[in-house]
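Which residues line it, and of what class are they?

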Amino acid sequence: MNEYQNSMRRVIAAEAEAALKMTELCDDRYRDAFDVLLACKGKVVFMGVGKSGHIGKKLAATFSSTGTPAFFVHSTEACHGDFGMIGKEDVAVLISNSGNTKEVIQDLAGLNKIGCETIAFTSDPDSRLAKGCKHTIIYPKCSEADALNLAPTVSSTLTLVLGDALACALSEAKGFTREDFYRYHPNGALGAMLEREGQKDI
């Protein structure tokens, strides 16, 4: 086995091991945030910068396609007018692995003025973000998978996995059906498969 194969296997193993750790955390510690998301009468707004921002975009798309309307607002752009997209009945999910990202922390004041619910999505329960939001989603703090222990790899994977888990749990709690999924996803291979199943008139 050559060096690049060893490196790839190490990274995959590190991310898989970290994701498995989260199964131990799926107890009542996430219940508060889950209930807030389930009760949301507006939209779920994911916010972040950098890799966390990219994950936020993906999660907004997954939430929306599985029955929980959501969209993404870049944390920096929020302070340049995009706060106007957010309403009092929305729930803002602010993503920052460290919980101290300046561009994310600065959004708290504006969100508090809007009056919406806020959820910190971070690995540090003692961070400024966790203490500044009304609710928290905390995932394990693990070493990153790259050789320098710097690049967001394990941390971004944990954010994605936990976000996907919440989206699917919310979908099930709402009684989201295959017919509903087809309504939001009529094209592509999934849309074609559902159309063959008889959802084409929905």
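Q: How does the lining of the largest cavity divide into nonpolar, polar and charged residues?
A: This is a predicted model, where local features need pLDDT of at least 70, side-chain atom pairs count only at pLDDT 80 or more, and totals for chains, interfaces and linings use all residues. Residues are numbered from 1 along each chain as its sequence is written, and side-chain values use heavy atoms, without hydrogens or water. On a 1 Å grid over the protein atoms alone, a cavity is a set of points where a 1.4 Å probe fits but cannot get out, a pocket is an open set with protein on both sides within 12 Å along at least five of seven lines, and lining residues have an atom within 4 Å of a point. With Ala, Val, Leu, Ile, Met, Phe, Trp, Tyr, Cys and Pro as nonpolar, Asp, Glu, Lys and Arg as charged, and the others, Gly among them, as polar, the lining of the largest cavity has seven nonpolar, one polar and no charged residues.

Q: What volume does the largest cavity have?
A: Grid points are joined across faces, edges and corners, and a volume is the space filled by probe spheres set on the points. Leu37, Phe46 and Gly163 are among the residues lining the largest cavity, and its space comes to about 40 Å³.

Q: Which element gives the most to the lining of the second largest pocket?
A: Helices here are DSSP runs (H or I, at least four residues), numbered from the N terminus. At least two lining residues each come from α2 (31–38) and α8. The most, four residues, come from α8.
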